[in-house]
Amino acid sequence: MATSVTGTKPVPQRVGGGGPGFPGPNGKGPRGNGWKGRKGPRRLSPAAYRITMWVVLAAIVMMFAALSSAYIILSSGEQWQPVRMPRMFILSTGIILGSSFVLEFAKRSLKQGRSSHSLRLLSVTLLLGLSFIACQLMGWRELASQGVYFASHPHSSFFYFFTGVHGVHLLGGIAGLGYLLLRMRLRLQLNPERTEITAQLVSLYWHTMDALWIWLFLLLLIWK
Amino acid sequence: MSGEIHEGVHRHPAPTSFIRKYIFSLDHKVIGIQYILLALAAVLVGMIMSLLMRMNLSWPGTNWPILGTLFPGGAPNGVMNPEFYLSLVTMHGTIMVFFVLTTAPQGGFGNYFLPIQIGAEDMAFPVLNMLSFWVTFVGFIVILAAIFFSGAESTVGPIGGWTGYAPLSALGAIAGPGQGMGMNLWIISIAIFCVGSLLGALNFITTLLNMRTRGMSLMRMPLTCWAWFTTAVLALLSFPVLLGGGILLLLDRLAGTSFFIPSGLYVSGVLTGTNPNFPLHTGGSPILWQHLFWFFGHPEVYIAILPGMGATSHVLATFARKPVFGYRAMVFAIFAIGLLGFFVWGHHMFISGMSPYSAVAFSILTLAIGVPSAVKTFNWIGTLWGGRIRFTSAMLFAIGFVSLFVAGGISGLILGQSSLDLPVHDTYIVTGHFHLVMGVASIFGMFAATYFWFPKMFGRMLDERMGQIHFWITFIGVYAIFIPFHVMGLVGMPRRFSSFDEYEFLNSLDPLVLLASVAAIVTIAVQFLFYFNLVWSIFKGKRASDNPWEATTLEWTTATPPPHDNFAGILPTVYRGPYEFAVPGAPNDFVMQTEAEAEVASGNGHERHRH
């Protein structure tokens with residue numbers, strides 16, 4: 001019988017050979033069964049953006065994992081000099097943690113259709129993000145006033161480096177948040193679906209950056 | 001992304017301006033060809049560098065006037081400096097690994113054929129795809145700049161090998177020739193390359209997961225698609241590590257940090273901290289760079305070869321007129337190789353001062369890769385077994401791939417064991433091993449892909465006679481180059497030495513060194529035949545039909561060359577697996593993936609024919 005020679009799932013048999021009469025059960029989407037029969041111009045595919053965001057986050061997490069293991073390896077060295085955690089970093093940790101909660105509320109109210117309320121909460125998130133960055137910069141000044149500079153020794157380098165790289169990534173989140181705010185402010189309701197996805201992606205990214213900072217903070221605080 | 005809407009048929013209009021069509025194109029096919037052209041240019045540079053190295057090894061001290069003219073610093077009076085040679089080693093490795101073995105298989109053929117083989121009109125994010133190429137291109141320009149910016153330092157780039165081991169690479173100009181601007185540019189180029197590859201990888205992953213056409217289940221994808229997908233996942237997880245490491249290395253050089261520079265280092269007669277050119281460094285670990293580098297570096301090996309494996313499976317099935325033996329096992333073997341590839345980086349570092357216990361763990365994991373590799377090899381042989389083989393050039397290169405993969409892989413079993421590796425590490429046996437299995441095998445996979453897909457890409461067949469000559473000389477040539485390397489390594493010839501004149505015990509190897517060099521010259525010469533074939537066939541080749549090889553997958557269902565949106569607006573529907581050759585009772589010996597019914601009078605009941 002001429003059915004599927006290479007391995008696929010068992011298919012219904014049909015007299016006369018050939019494959020199954022219908023296309024297979026799967027084909028599109030991460031779970032493979034969402035083929036909707038595309039007509040007209042290529043539409044926005046939320047799944048594509050969602051997958052891509054996860055993939056981007058995987059890459060970012062991988063880089064921080066590598067840097068963290070570098071940190072852990074160097075911390076076992078003999079010349080390792082622990083640095084006292086600047087108080088500003090404790091404050092900034094609180095700020096970014098709070099921003100995640102506010103963002104979550106904003107997303108919820110967006111879903112409930114209360115867009116002006118959501119807009120306000122998103123603005124708060126943005127402000128918290130900016131003040132987080134400001135706190136990090138002040139933390140740097142605090143380190144410098146202790147006489148701990150970027151090139152002093154590995155632990156101090158990691159202090160600056162982790163905060164710097166994380167800050168750059170958070171700026172990406174701030175840009176995304178700004179774009180979302182702009183969309184909502186300008187009432188780009190031509191495509192509310194797109195606003196919804198943007199909000200989802202931005203919050204996913206933001207929460208990951210939040211979690212990453214907590215991880216880095218604990219690493220710098222405890223593993224010294 | 002705009003287009004007119006017709007009833008159910010939707011076509012992307014192709015861009016008409018030259019710049020949008022050929023330079024900053026969003027079409028994955030054009031981008032794929034751009035990647036292939038980049039690789040063809042890069043491989044030329046890398047090949048010429050290897051030629052110069054062989055010339056220096058076989059005829060050291062000879063006066064090559066042209067070298068003296070081109071590089072008055074590196075080859076005064078036409079005689080190559082040792083530093084010049086070492087920078088050749090570095091640049092040859094870097095250009096080949098990054099800009100050839102990573103770009104052509106994945107960015108080139110993957111970009112061109114992954115969307116077509118899964119029945120998509122384009123990649124998920126065409127703009128990202130374009131950026132990915134142009135970022136990579138900038139990386140290539142920067143690495144070329146490293147050649148010329150080091151000119152004053154009597155080298156053609158940094159010295160440090162493609163691995164750029166610290167602390168040499170972390171110290172800056174004080175460490176010697178080539179360690180100044182050249183090394184900076186080298187690191188920057190690699191970092192740019194990482195970004196470009198990441199952009200490409202996320203596009204590949206999203207496209208494959210989200211853009212498959214109706215009926216194209218995962219297990220109906222051609223093995224090429226599985227290979228490109230796994231490669232993209234490997235790139236996604238390994239390039240960020242290299243990027244992070246590269247930034248740390250650059251900071252060590254430019255910002256005075258000490259991530260990779262240990263305390264109390266004494267370089268070029270200067271103690272760290274006693275000279276403004278060499279500020280105080282303390283507390284870094286050179287081994288850390290090796291860990292970061294090889295955590296990327298080993299998956300990179302599979303990034304280079306997996307697409308070749310995919311292409312080989314594809315070509316073998318098509319020209320053996322048989323289904324791929326054990327399709328499912330092949331898919332899992334690809335995954336297993338990719339997964340294990342992340343846990344074996346330590347086998348590059350056995351002599352770097354590693355705990356013997358970790359070395360054993362790394363050895364066991366390394367040898368475990370032999371299992372999926374053997375699964376693949378036996379399945380390739382199983383595919384060939386009893387087939388009605390058509391010995392086209394593509395098929396020859398695919399069989400050549402299997403041969404080289406086995407021949408190069410065998411020595412991997414030796415090098416993977418720490419006890420056996422210790423005496424031969426950093427000898428020519430390592431060079432021979434990775435050139436056969438990673439370098440030449442991957443390239444053979446790409447040759448097979450080129451001969452196989454050229455008709456689809458350009459609408460003309462490549463010349464068969466030139467292809468056969470190209471194959472046989474290359475095939476014999478690469479063995480004649482790299483098998484002697486194994487012997488040299490066993491005798492104890494170290495890698496990365498510009499000359500062996502002072503080592504009497506190596507004198508007996510002179511004939512082998514000469515053989516390798518002559519074989520290299522012949523092999524390189526015949527590659528120009530390949531280049532000629534490419535150009536000649538684009539204009540003068542025999543016209544190709546839509547499906548000249550009588551193959552089954554989706555790229556052969558569309559026009560030759562494919563229209564801008566791949567399927568002229570109507571996405572195909574897939575009804576079956578990718579390799580349905582010699583289906584009993586079918587009228588042809590191949591059944592396309594899009595054929596719903598093979599009009600056959602059933603011969604033998606409802607018995608399912610499965611392997």
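This passage walks through a predicted model, beginning with chain A and moving on to selected places in chain B.

The chain has 224 residues, of which 38% count as buried. Contacts in chain A can also be sorted by how far apart the partners lie in sequence. Of those between residues at least 6 apart, 68% join residues at least 24 apart.

Confidence in chain A deserves a look before moving on. The mean pLDDT of this chain is 82, and 79% of its residues reach 70 or more. In residues 1-5 of chain A, however, the pLDDT falls below 50, and the model gives this stretch 29 contacts beyond near neighbours in sequence. Residues 7-41 of chain A also have a pLDDT below 50, and here the model shows 85 contacts beyond near neighbours in sequence.

Attention now turns to chain B and to the geometry of its backbone. Two cis peptide bonds can be described, beginning with the bond that joins B:Ala166 and B:Pro167,. The omega angle of the bond between B:Ala166 and B:Pro167 is about 5°. B:Pro167 sits in a loop, with α6 (126-149) on one side and α7 (181-210) on the other. The other cis bond runs from B:Thr560 to B:Pro561, where omega is near -15°. B:Pro561 also belongs to a loop, this one between α17 (510-540) and β3 (580-581) of chain B.

In chain B, the loop between α9 (286-320) and α10 (327-340) holds B:Arg321. Is B:Arg321 buried, exposed or partly exposed? B:Arg321 counts as partly exposed because it has 15 C-beta neighbours inside 10 Å, a count that falls between the limits of 12 or fewer for exposed and 20 or more for buried. B:Arg496 likewise is not a glycine and has a positive phi, about 60°.

B:Arg388 counts as exposed because 11 C-beta neighbours lie inside 10 Å. How many residues apart in sequence are B:Arg388 and B:Lys322? They are 66 residues apart along the sequence, while their C-alpha atoms are 8.0 Å apart in space.

The last stop is B:Trp549, a residue in the loop between α17 and β3 of chain B, the loop that also holds B:Pro561. B:Trp549 has 22 C-beta neighbours inside 10 Å, so this tryptophan counts as buried. Which residues does B:Trp549 contact, leaving aside its neighbours within four places in sequence? The contacts are with B:Thr318 and B:Phe452. B:Trp549 can also be compared with B:Arg390: the two lie 159 residues apart along the chain, and 9.7 Å separates their C-alpha atoms.

Notes. Residues numbered from 1 in each chain as written. Chains lettered and ligands numbered in written order. Predicted model: local features only at pLDDT ≥ 70, side-chain atom pairs only at ≥ 80, totals over all residues. Contact = placed C-beta atoms within 7 Å. Helix = DSSP H or I, 4+ residues; strand = E, 2+ residues; numbered from the N terminus. pLDDT = per-residue confidence, 0-100.
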